[in-house]
Amino acid sequence: MNAKVLITVEPSTKSSEITLVYPHDFRGEAGQVNIIAPIGAAILGLAEGQEIEWPQPDGQMMKVKIEKVLYQPEREGDFN
C-alpha cells in the first residue's frame, strides 16, 4: 500500500491526490483512504485511465476515475 494516485470523482472535473493505506496505518489525515473504505476497496487494483461506478447510500451513482498513479511502492522497489 501507500500508493498515491490522482482521482476524479464525477461530476467534478477537479482531481484529488489520495494515498491508499492499510487500516492499521489510517490516521484520518487529509488525502488518506483506507483500503477497506468503500472508495478504497473500489479503486484498489485499477490502472491509470480506468474508472468504476457504484451506488451511494442515497441511491445516486458515483464514478471515480484514476487519472494518474503518482507513486506505487512496488514499482519503485520500495518494499518497506
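Predicted model: local features only at pLDDT ≥ 70, side-chain atom pairs only at ≥ 80, totals over all residues.

Q: Let me zoom out. How many helices and strands are in the protein chain?
A: The chain has two helices and five strands. Going along the sequence, the pattern reads β-β-β-α-β-β-α.

Q: What order do the strands take in the sheet?
A: The five strands make an open sheet ordered 3-2-1-5-4, with mixed pairing. At the edges sit strand 3 (32-34) and strand 4 (51-55), each pairing on one side only. From one strand to the next, the twist averages 40°.

Q: Remind me, what do strands pair through?
A: Strands of a sheet pair through backbone hydrogen bonds, and they can do so parallel or antiparallel.

Q: Which way do strand 1 and strand 2 pair?
A: Antiparallel, over five bridges. A hairpin of four residues links strand 1 to strand 2. As a landmark, Thr8 stands opposite Ser15 in strand 2.

Q: How many bridges are there between strand 1 and strand 5?
A: Seven, and strand 1 and strand 5 also pair in the antiparallel sense. Within that pairing, Glu10 has Lys63 of strand 5 as its bridge partner.

Q: What about strand 4 and strand 5?
A: Strand 4 and strand 5 run antiparallel and are joined by five bridges. Lys63 turns up here too, as the strand 5 bridge partner of Glu53.

Q: Lys63 keeps coming up. Which residue does Lys63 form a salt bridge with?
A: Glu51, with the closest N and O atoms 3.6 Å apart. Lys63 lies in strand 5 and Glu51 in strand 4, so the pair ties together parts that are 12 residues apart in sequence.

Q: How far apart are Leu70 and Glu51?
A: They are 16 Å apart in space, C-alpha to C-alpha, and 19 residues apart in sequence.

Q: Switching to the inside: which residues have the most contacts within the largest nonpolar core?
A: Ile7, Ile18, Ile43 and Val64, in a core of 13 residues. Strand 1 (4-10), strand 2 (15-21), helix 1 (38-43) and strand 5 are the elements giving two or more residues to this core. Strand 5 supplies the largest share, four residues.

Q: What is Ile18 in contact with, leaving aside neighbours within four places?
A: Ile18 contacts Ala3, Lys4, Val5, Ile7, Gly31, Val33 and Ile43.

Q: Val5 was on the Leu70 list too. What's Val5 in contact with, by the rule that leaves out neighbours within four places?
A: Val5 is in contact with Ser16, Glu17, Ile18, Lys68, Val69 and Leu70. Val5 itself lies in strand 1.

Q: Buried or exposed, this Val5?
A: Val5 has a relative accessible area of 7%, so it is buried.

Q: How far is Val5 from Glu17?
A: Their C-alpha atoms are separated by 5.6 Å, while along the chain the two are 12 residues apart.

Q: Last topic, overall dimensions. What's the radius of gyration of the protein chain?
A: It's 13 Å; a compact globule of 80 residues would be near 12 Å, so the chain agrees with that. The C-alpha atoms fill a box of roughly 40 × 25 × 20 Å along the principal axes.

Q: What percentage of the residues count as buried?
A: 26% of the 80 residues. On contacts, residues 24 or more positions apart account for 31% of those with a separation of 6 or more.

Note on methods: Residues numbered from 1 in each chain as written. Heavy atoms only, no water. Pairing = 2+ DSSP bridges. Axes fitted to C-alpha atoms, helices over the stretch in contact; angles between N-to-C directions. Salt bridge = Lys/Arg side-chain N within 4 Å of Asp/Glu carboxyl O. Core = buried A, V, L, I, M, F, W, Y, C linked by side-chain atoms within 4.5 Å. Buried < 20%, exposed > 50% of the residue type's maximum accessible area, 1.4 Å probe, protein only. Contact = heavy atoms within 4.5 Å. Rg over C-alpha atoms; globule rule 2.2 N^0.38 Å.
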